[in-house]
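Subject: Structure for you to look over

Hello,

Here is the structure I promised to hand over. Please open it alongside this note; my findings follow below.

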Amino acid sequence: MKWPDHGGQPTTMKQLYKMDESMKVLDFSANLNPLGPPQWLKGELELQWDKLLGYPDPHYAASKEELASFIGVTKEQLLLTNGGAEAIFLAAKYFEGKRAAIVHPAFSEYERACQHYHLDVKSFVLTAENYFKLPMESLLHTLRDIDVLFLCRPNNPTGTLIPKAEVKLLLDQGLNSDTYIVVDEAFIDFVPEEELTFLLTSYPNLILLRSLTKMYTIPGLRLGFLLGDKSVVEAMEKAQIPWSVNALADSVAPKLLKDDTFVRTTLKWLKEEIEILHAFYEKYDFYMSPTKVNFYLLQDKREPERTNEIFNFLFKRGVLPRHTHNFKGLQGRYMRFAVRSKTENTRLMDTLRDWRRSQ
Ligand SMILES: Cc1ncc(COP(=O)(O)O)c(C=O)c1O
């Protein structure tokens, strides 16, 4: 089976499974906020329509200034990007031909970007048995031999969070060995108290990658940014394709970030739903990864070898999980689910209860 590289592709999945295209599917495979986008966004984009008739400012000066002051960095430390994906590729390009390490299981684009820019890549693979904890000793040792370490924090697909203290230890060692730490914070908006911006001043070897896609449910608009030392950001801007961020995305970026009512509502929903899901999985004997965000890994504790069968069982009943065949270390033994609305999560739990009864 040729599994798609990313979630959020119900049509491709239906074709793979030779299912009727008109079949209604609840898509748990894309880890987007089900409450979004904020209600005002559509009207605001319509108001900004005329922006499409001209080129955007190539330096995005206005939104950059507003975003930087809101985040608490200087505008020289920030680069607007065409989603977190472009930020990943710009980071890999910055280290073109050098030595990297990636901690897996993680978002597949770090590996692809590193291959594209001919980095020599070492892999570290974390396990569920060890709660997806970093092997700190060997990582600290390895930092001496590499130029850049890619971390996903919070991590896609596990939802787990590397403790701040461990990131600091890695950064300290990185300063000694001239190694950069790239932290992809695409999901940090779901745990805002965990973000690492405050470390940028002390650690010029820290590069943070952000996405507005996930929290604000705008994957089609394409919007993200990266934060780092002035010299790094300047070099990355030189390598960026001109007008990479479209004028509409540029015009709404600050307003999105400042919508803290929307974020607060989201965090409240997430806390409530995660608790319900957690209790259900405990009761019915399913493994749920120790997630801090809006998605998690799932495995049937009683039938850990039968993940493919559960996947098929769910999908045939209109519930689409994210496969994990292209995550190093998981190899399809888990499924990833987004936390969705109460009604949708209930439907998922009902279908899993049916699976349990069918055994
Ligand atoms: C960890 C992580 N980083 C970055 C991205 C890229 O997101 P976008 O380019 O839509 O901002 C994704 C998308 O799934 C992701 O999971």
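Start with A85. One of its backbone N or O atoms lies 2.8 Å from an oxygen atom of the ligand. Bear in mind throughout that this is a predicted model.

In S211, a side-chain N or O atom is 2.7 Å from an oxygen atom of the ligand. In R222, a polar side-chain atom lies 2.6 Å from a ligand oxygen. Taken alone, the ligand exposes 390 Å², and the protein buries 91% of that. As for where the ligand sits, that is the largest pocket.

Now the shell. There are 15 residues around the ligand. The ones that come nearest are G84, D184, S211, K214 and R222. By class, the shell holds 7 nonpolar, 5 polar and 3 charged residues.

Which helix gives the largest share of that shell? It is α4, with 4 residues. Helix α4 spans 83-94. Helix α8, at 213-216, also supplies at least two shell residues.

Away from the ligand, look at the salt bridges. The count comes to 23. One to check is the pair E237 and K64, whose side chains meet at 3.6 Å, N to O.

Next, the backbone. Most peptide bonds are trans, and most residues other than glycine have a negative phi.

- P154 falls in the loop between β5 (148-152) and α7 (164-177).
- N156 to P157: this peptide bond is cis, with omega near 25°. P157 is likewise in the loop between β5 and α7.
- D285: phi is positive, about 70°, although D285 is not a glycine. D285 lies in the loop between α11 (260-283) and β9 (286-288).

Then turn to the loop between β5 and α7, where P154 and P157 are found. Finish with the E237 and K64 salt bridge.

Best wishes

Terms used
Residues are numbered from 1 along each chain as its sequence is written. This is a predicted model: local features need pLDDT of at least 70, side-chain atom pairs count only at pLDDT 80 or more; totals for chains, interfaces and linings use all residues. Side-chain values use heavy atoms; hydrogens and water are left out. A residue is near a molecule or strand if one of its heavy atoms lies within 4 Å of it. A polar contact is a pair of N or O atoms within 3.5 Å; within protein, one must be able to donate a hydrogen and the other to accept it, and residues adjacent in sequence count only if both atoms are side-chain atoms. Accessible areas come from the Shrake-Rupley method with a 1.4 Å probe; for residues, only the protein chains shown count as cover. On a 1 Å grid over the protein atoms alone, a cavity is a set of points where a 1.4 Å probe fits but cannot get out, and a pocket is an open set with protein on both sides within 12 Å along at least five of seven lines; lining residues have an atom within 4 Å of a point. A molecule sits in a cavity or pocket if more than half of its atoms lie within 2 Å of its grid points. Ala, Val, Leu, Ile, Met, Phe, Trp, Tyr, Cys and Pro count as nonpolar, Asp, Glu, Lys and Arg as charged, and the others, Gly among them, as polar. A salt bridge is a side-chain nitrogen of Lys or Arg within 4 Å of a carboxyl oxygen of Asp or Glu.
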